[in-house]
Amino acid sequence: MLTEEQISGLIESVREAGRREIMPRFRRLSDDDIRAKSSPDDLVTEADIAAERFIMDEVGKLLPDAVFVGEEAQLDAAAIDAALAADLCVVIDPVDGTYNFAHGLATFGTILAVVSRGETIFGLLYDTVLDDWVMARKDGGSFYGRPDAAPRPLHLSQDAQAGRLKGYLPLFLYEEPDRRRFAPIMPDLGRVTTLGSSCHEYRQMLLGSVDFIMNAGLNVWDHAAGVLAVQEAGGIAKLSDGAAYVPNMKQGQLRLTRSEAIMRQLEEVMDA
């Protein structure tokens with residue numbers, strides 16, 4: 001397991017990357033600083049690349065035996081699986097919400113997870129703009145942190161939902177048949193939207209703003225940290241087929257709720 005000193009070092013490495021590499025580029029990118037990857041709205045910027053490199057360098061000094069999986073490292077599936085099976089693997093999404101970042105929206109952040117032999121043992125969801133974070137340790141709870149205060153424990157409400165559900169459902173990440181099936185259902189759920197950033201969607205759930213999160217893009221850098229944080233705060237995470245989430249998953253539909261009762265309510269609507 002990680003020591004308190006190592007955890008503090010991980011947080012400081014991510015904060016410093018934000019100060020040095022991300023925020024100086026925010027709303028200052030030129031067209032040449034932004035490139036498309038798999039599609040016109042799947043973007044990478046100079047900030048993503050520089051921040052990932054900086055975090056890898058700093059964390060490499062802190063955890064010299066760790067291997068890395070970075071969103072911008074372009075590892076193939078086999079290499080990612082091998083890394084996640086290692087004794088210590090650090091997973092980095094340097095700018096989660098790159099589309100927002102590239103278009104001047106402040107809803108982006110950095111996600112970092114530490115995985116040991118296929119199990120997430122630490123997660124960090126960092127708001128680069130406001131310099132605060134949610135962190136979680138396996139069997140150690142979830143906490144809200146900021147530079148000027150002691151960490152505050154996070155506990156998701158287990159109360160049954162009185163009305164319609166509030167949550168995040170990025171419909172564009174689903175295959176066409178499911179998009180058409182889910183779209184007519186969304187009004188039955190209540191307030192349903194997406195922030196374009198897994199970092200902030202997980203943070204909002206953990207800070208008590210929504211009842212559920214759904215997602216069909218299972219990149220480990222988007223979800224390993226957030227799933228751990230939700231579970232450590234008392235929430236539920238599983239796939240639509242009932243399988244438990246594990247970091248090396250590539251396909252499936254992930255569902256997270258703040259309680260078992262909310263999961264049942266969500267399933268009644270989505271699987272009817």
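View 1. D178 is buried, at 16% relative accessibility. In this predicted model, the side chain of D178 meets that of R181 in a salt bridge, with 3.1 Å from N to O. Both residues belong to helix 5, which covers residues 176–182, and they sit three residues apart, about one turn of the helix. R181 is partly exposed, with a value of 39%.

**View 2. A salt bridge between two loops, E72 with K37.** Here the closest N and O atoms of E72 and K37 are 3.1 Å apart. E72 is found in the loop between strand 3 (67–70) and helix 3 (77–84), while K37 is in the loop between strand 1 (34–36) and strand 2 (43–45), so this pair ties together parts that are 35 residues apart in sequence.

**View 3. D148 and R146 pair up.** These two residues form a salt bridge whose closest N and O atoms lie 2.8 Å apart. D148 is exposed, with a relative accessible area of 60%.

**View 4. Three residues in one network.** Which residues are linked in a network of salt bridges? Look for E12, R15 and D131, which are joined in this way.

Methods: Residues numbered from 1 in each chain as written. Predicted model: local features only at pLDDT ≥ 70, side-chain atom pairs only at ≥ 80, totals over all residues. Heavy atoms only, no water. Salt bridge = Lys/Arg side-chain N within 4 Å of Asp/Glu carboxyl O. Helix = DSSP H or I, 4+ residues; strand = E, 2+ residues; numbered from the N terminus. Buried < 20%, exposed > 50% of the residue type's maximum accessible area, 1.4 Å probe, protein only.
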